[in-house]
Amino acid sequence: IENRYIIPELLQYDCTAEQIFLQLKNLIDNPQIAQKQIDDCQIALQKMGLGTIANPSQIAVEEILKL
């Protein structure tokens, strides 16, 4: 959607405990990077018409109430 890297994709052989640890450590050690990832995800969600990160149950309730 954003046509750029936002969240690391650790697929197949890249999905190791060490890689997961390193990615999480980077976010914990660098709160500004973590916040940018959150902000970029919010932008992508808005482009999809989902607004902000929301509780899926709340979304379901709102859609049912519209009926």
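Trainee: Is D40 buried or exposed?

Mentor: D40 counts as buried because its relative accessibility is 8%. The term buried means under 20% relative accessible area, exposed means over 50%, and partly exposed lies in between (1.4 Å probe, protein chains only). M48, by contrast, counts as partly exposed because its relative accessibility is 44%. The model is predicted: local features need pLDDT of at least 70, side-chain atom pairs count only at pLDDT 80 or more, and totals for chains, interfaces and linings use all residues. Residues are numbered from 1 along each chain as its sequence is written, and side-chain values use heavy atoms, without hydrogens and water.

Trainee: Where do D40 and M48 lie?

Mentor: A helix is a DSSP run (H or I, at least four residues), numbered from the N terminus. D40 is part of helix 2, while M48 is in the loop between helix 2 (31-47) and helix 3 (56-66).

Trainee: Which residues does D40 contact, leaving aside its neighbours within four places in sequence?

Mentor: Contact means heavy atoms within 4.5 Å. With those neighbours left aside, D40 is in contact with R4 and I6.

Trainee: Which residues line the largest pocket?

Mentor: A lining residue has an atom within 4 Å of a pocket point. The lining here consists of R4, Y5, I6, P8, Q23, N26, L27, I33, K36, Q37 and D40. Helix 1 (17-29) and helix 2 are the elements that give two or more residues to this lining. Helix 2 gives the most, with four residues.

How values were computed: 1 Å grid on protein atoms, 1.4 Å probe; cavity = no way out; pocket = protein on both sides within 12 Å on 5 of 7 lines; lining within 4 Å.
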